[in-house]
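Q: I'm new to protein structures and would like to learn from a single part. Please take a close look at helix packing for me, and then lead me on to other parts.

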Number of protein chains: 2
Amino acid sequence: MKIYLIASVLVLLLEPVKGLWPAPQELERGKDVIRLAEEFDITLKGSALLENAAYLGDLMDGVKRTHEYLINDNLQRLVVGRGESDRSLVNAAPELVGLNLVLADSEWSPIVLSVTEEAHKLYEDQDESYTLNIPSNSTSANGGALLATLSANTTLGLIRGLQTFSQLVYTLPSGGYRYIINTPISIRDAPAFSHRAFMLDTSRAWFPVDDILRTLDAMSWAKLNVLHWHATDSQSWPLFIPAFPELSQHGAYSSSQTYSRSDITFIREYAGSLGITILLEIDIPGHTASIGESHPEYIACRGKDDKWERFAVEPPTGQLKLGDPATQAFAEELVKSASDMMSSPYFSTGGDEINDACYEQDLTTTSALLNGNATLDELLSTFVEGVHHRLRAAGKTSVVWEEMALNRNIKLANDTIVTVWISSANVRAVADKGHRIIHAASDYFYLDCGAGGWVGKRGGSNSWCDPFKSWQKIYSFDPFASLDELQHSQVLGGEALLWTEQAGPENLDSIAWPRAAAAAEVFWSRSSGGARNATEALPRLHDWRYRAVNRGVGAVRLQPEWCALRPHACDVEEKEEH
Amino acid sequence: MKIYLIASVLVLLLEPVKGLWPAPQELERGKDVIRLAEEFDITLKGSALLENAAYLGDLMDGVKRTHEYLINDNLQRLVVGRGESDRSLVNAAPELVGLNLVLADSEWSPIVLSVTEEAHKLYEDQDESYTLNIPSNSTSANGGALLATLSANTTLGLIRGLQTFSQLVYTLPSGGYRYIINTPISIRDAPAFSHRAFMLDTSRAWFPVDDILRTLDAMSWAKLNVLHWHATDSQSWPLFIPAFPELSQHGAYSSSQTYSRSDITFIREYAGSLGITILLEIDIPGHTASIGESHPEYIACRGKDDKWERFAVEPPTGQLKLGDPATQAFAEELVKSASDMMSSPYFSTGGDEINDACYEQDLTTTSALLNGNATLDELLSTFVEGVHHRLRAAGKTSVVWEEMALNRNIKLANDTIVTVWISSANVRAVADKGHRIIHAASDYFYLDCGAGGWVGKRGGSNSWCDPFKSWQKIYSFDPFASLDELQHSQVLGGEALLWTEQAGPENLDSIAWPRAAAAAEVFWSRSSGGARNATEALPRLHDWRYRAVNRGVGAVRLQPEWCALRPHACDVEEKEEH
């Protein structure tokens, strides 16, 4: 019996720390177990912090959230018996009385900034790094109270580290202690890429504010730091715009399917406190039919819905006119007003899927072409330059979809960030143009693919971007594939995207999670070269997913629970490795 | 302004009755509008009903449910403006003061049976037909109170008709009247097929009882009449079995992930009151590894999980031994005890994916092969015959998966019902064997396909049954394809199936609905020959889905709301037809 117990303890001790997702850059771990003291507390330390109490509001919110997770997660280990066999070990384990947060005094930034402020910096100025040290009895020779330490240069780094800490804590079955295995643990961590986003389309389907807040929570658990908010499109215009309130008044699906000024402020501030910035997108000049509900005068090929296949990829038809001073002024004021609502230094003007046939039958645009002896791309370039100029004056760097760089002859500023969506095969071409890149290729990152065609055709046609992007497919993405080493620095990061022609609040959680978390690890955790090992990753992703469900996000199952409780038992092929 | 109003009224009047799903067999409709009186009531009429009050309990539950739907559905018409333009018409419309339920006095069944009792009859003895007549002012010359009438031969027919009635009622925006368009309406309806099922696998993933009850509700809205409950499998055994309580005690994922005796009774009675019977499946002799948790002595190739690919399609490995008197006795008692809990005259013993290699290394089975000089199929046949004999003695007709009829040399009674799952291409072969058929082919009806491979392989492999079965694909199914006309009567019906390797409570609603409703119409509504018209069907399916969401089932969106509010505006190709 004792031999059996020792054997099971050894098995326990030899197991890796499975809970961490995304994987930290450096991880050392021991063989001990520690349990959280009943009076476990998270405390702040360091002169910089204490002298800047005014900036600690959202950090303290993060501490409070972490406390709640520690109490409410109630995640039992994903092993047969759910950790019941740990009980005697945990009962005898030393107690961890607290976690100390330490903000390093940096000579570069003597002023402490809030999490929100750090999250809204330029990517190159952000610092999300942290170190986390959790002791065990054996490393604490003096026998004093055991304390863990989380250190970072910024409040943003502390917020990231708190997420990591919360992922290490399990609960014994039927209540009982919260505990951490494989102590001592030493983690040094920082993201591989600066832009790690989830994109949500709130035009094809509208989502209640609570859905967006819950999504932001889930993003924070995966250390995603950008909500790319594709707020508007041809189908509906839910977003309140201060300069043009009539847009959502007439362009939303209904008066209840809108985001008011206070909704937007709340979403922005909630995101900021999680260390998430919002990359707002107002997609122009295409994808704007819904503007026509209040401003038909700015819209070309409006209402050509009986022949929509000719004028748009999806109904309804309508694009902002080109070569029209009034439309130009409107578009510039529109992006300015929209971007003013956000604190991010980046703003997306979209620019995908512009339809030439739409302009060819628009009198305003064709007159401008004739009068100015200009090409469509020249008019388009003037349009985009004007809009981007206005954004730059407002302190914003522009983000665009890939066609702006590859398919249109447009003068883009060098610092314009290009999001590659059509295919990962186009990454190199964008890099060769010198732009910074966000990976969003449909062949890896489109969460909506694989649900069948949605236009009312007879028969069961496939999605245009079939098949479904499994988490393994997403996980296999190499951000540097096809790039020269000199171009690596152009990769800002990437995102998982949810277009919502066939999605809505009903399946938001299950279609997005945990797949978007797979993308999160691709862009947080530096790959040691070569393909990532999905076999190694699966038990960790199960862990993330079960914890997310316990936290109220309906992330879908990846395997039967039988497999989730038996790491690698449902593997094939690579099984010999374990 | 008046001309405009008349034009919009005409458009309204010319629209078909979109709400009905599945489509009734015969439908006549007029051009008027009627609104429900504030005191609208559903009342019973007819001597047979009144003399059998004891049998009216579940019918009265159905009446109460219908009342609640009428009050709470709050479904506004799926048109631009959501029916606001109907307001003046509705304000001026005559009032419908009630719906009379009439149970025809039948010389064949002078005794009134409850909905539950009717639902548990043999398929050939069931009668779900009904007629529904909704008047309009123009058909009520006497100017008296307007009453609708729902008539049926059985309480089961009345329950089906109540669902139809509830689907006809819309609510004006911002509150206001409930109303019915295109009155007068005359419907004669009956199902094309007797078995219209949703299959749920509660072994790979466990579902709380509430999830199953909600699923039964959604089934009733689509007039599905059978819950095929794949209750147990190798991964877990959640089902309490009176004769063997140890099975769920040790074989469930956990003590909380079980269905107790009272759970099972509650589910059965809840289903019965909705006119739904439960086809319980205990899948044997394969798919039984979880029995080994309490009875390892009955299980061949138990725990060969490190080489599971050789011994099972999925881990864990384990099948009931063959040629072993103790195992045989256990299996017979098992199905008897399980079937006793259900009122359906049908019971499924499964029988799919039996693995020969598993038996070849089992000492008990190989000894029986040697000692009896028998083949594996002979042992299997003896096993199945014994089990089916025991079920027959208990008054149950057996249902099996297709391999029992096609791939194994087994003596099946002629009345054994065969469920075709591997491929619709196998339907003809089963029919040629003379068995009755349930359509469940993976190439049409597997709701789980298209989520990627779930074994822990590297890379993003596809599902074995890719692609995702879109509602249009399901809807295109022809139940008589490949069959001779003489074989048509062998088709009992069909089902939509949810296997749960990658599903759970998190996505139950969105993965099942409204696609399972598409299958429901295939098997309820007689096709007038040739392929069904998905273009015609789409607006009706939108209607079903929006109503389901309002009733609390998270059915997924089929298209952007822009399309849902503009019937046929998002069509391609067939658009010229409209």
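**Helices side by side, and beyond**

A: Let's start with α3(A) and α6(A), which are roughly parallel to each other (angles under 35 degrees count as roughly parallel, over 145 as roughly antiparallel, 65 to 115 as roughly perpendicular and the rest as oblique). This is a predicted model, where local features need pLDDT of at least 70, side-chain atom pairs count only at pLDDT 80 or more, and totals for chains, interfaces and linings use all residues. Residues are numbered from 1 along each chain as its sequence is written, chains are lettered from A and ligands numbered from 1 in the order written, and side-chain values use heavy atoms, without hydrogens and water.

To find the pair, look at residues 57-72 of chain A for helix α3 and residues 155-167 of chain A for helix α6 (helices are DSSP runs of H or I, at least four residues, and strands of E, at least two, numbered from the N terminus). The two helices pack at an angle of about 0°, and their axes are 10 Å apart (axes are fitted to C-alpha atoms, for helices over the stretch in contact, with angles from 0 to 180 degrees between N-to-C directions).

Now look at the side of each helix that faces its partner. From α3(A) come D58(A), L59(A), G62(A), V63(A), R65(A), T66(A), Y69(A) and L70(A). They meet T155(A), L158(A), I159(A), L162(A), Q163(A), F165(A) and S166(A) of α6(A) (contact: heavy atoms within 4.5 Å). This contact is made by 8 nonpolar, 5 polar and 2 charged residues (Ala, Val, Leu, Ile, Met, Phe, Trp, Tyr, Cys and Pro are nonpolar; Asp, Glu, Lys and Arg charged; the others, Gly among them, polar).

Helix α7 (residues 209-221) packs with helix α9 (residues 261-273) at an angle of about 10°, and the axes lie 10 Å apart. That angle is why α7(A) and α9(A) are called roughly parallel to each other. On the α7(A) side you will find V209(A), I212(A), L213(A), L216(A) and D217(A), and these meet D263(A), F266(A), I267(A), Y270(A) and A271(A) in α9(A). Here the contact is built from 8 nonpolar, no polar and 2 charged residues.

Staying in chain A, find C301(A), which is bonded to C358(A) by a disulfide with an S to S distance of 2.1 Å (sulfur atoms of two cysteines within 2.5 Å). The torsion about this S-S bond is about -95°, so the disulfide is left-handed. C301(A) sits in the loop between β10 (299-300) and α10 (308-311), while C358(A) belongs to helix α12 (residues 356-360), so the bond ties together parts that are 57 residues apart in sequence. C301(A) has another feature to notice: its phi is positive, about 50°, although it is not a glycine. Counting over all chains, the structure holds 6 disulfides.

Next, turn to the strands of chain B. Strand β6 (residues 178-189) runs antiparallel to strand β1 (residues 26-45), and 8 bridges join them (strands pair with at least two DSSP bridges). Within this pairing, V33(B) has I181(B) as its bridge partner in β6(B). β6(B) also pairs with strand β3 (residues 130-134) in the antiparallel sense, over 5 bridges; there T131(B) stands opposite R188(B). Strand β5 (residues 170-171) pairs with β6(B) as well, antiparallel and over 2 bridges, with T171(B) partnered by R178(B). The hairpin of β5(B) and β6(B) has 6 residues between its strands, and S174(B) there takes a positive phi near 50°.

Chain B also has cis peptide bonds to look for. One joins I284(B) and P285(B), with omega about 0°, and P285(B) lies in the loop between β9 (277-281) and β10 (299-300). Another joins W513(B) and P514(B), with omega about 5°; P514(B) is in the loop between α19 (508-512) and α20 (515-524).

Finally, how confident is the prediction? Chain A has a mean pLDDT of 92, and 91% of its residues reach 70 or more (confidence per residue, from 0 to 100). Over residues 1-14 of chain A, however, pLDDT stays under 50. Where pLDDT is low, the predicted coordinates should not be read in detail.

Definitions and conventions: pLDDT = per-residue confidence, 0-100.
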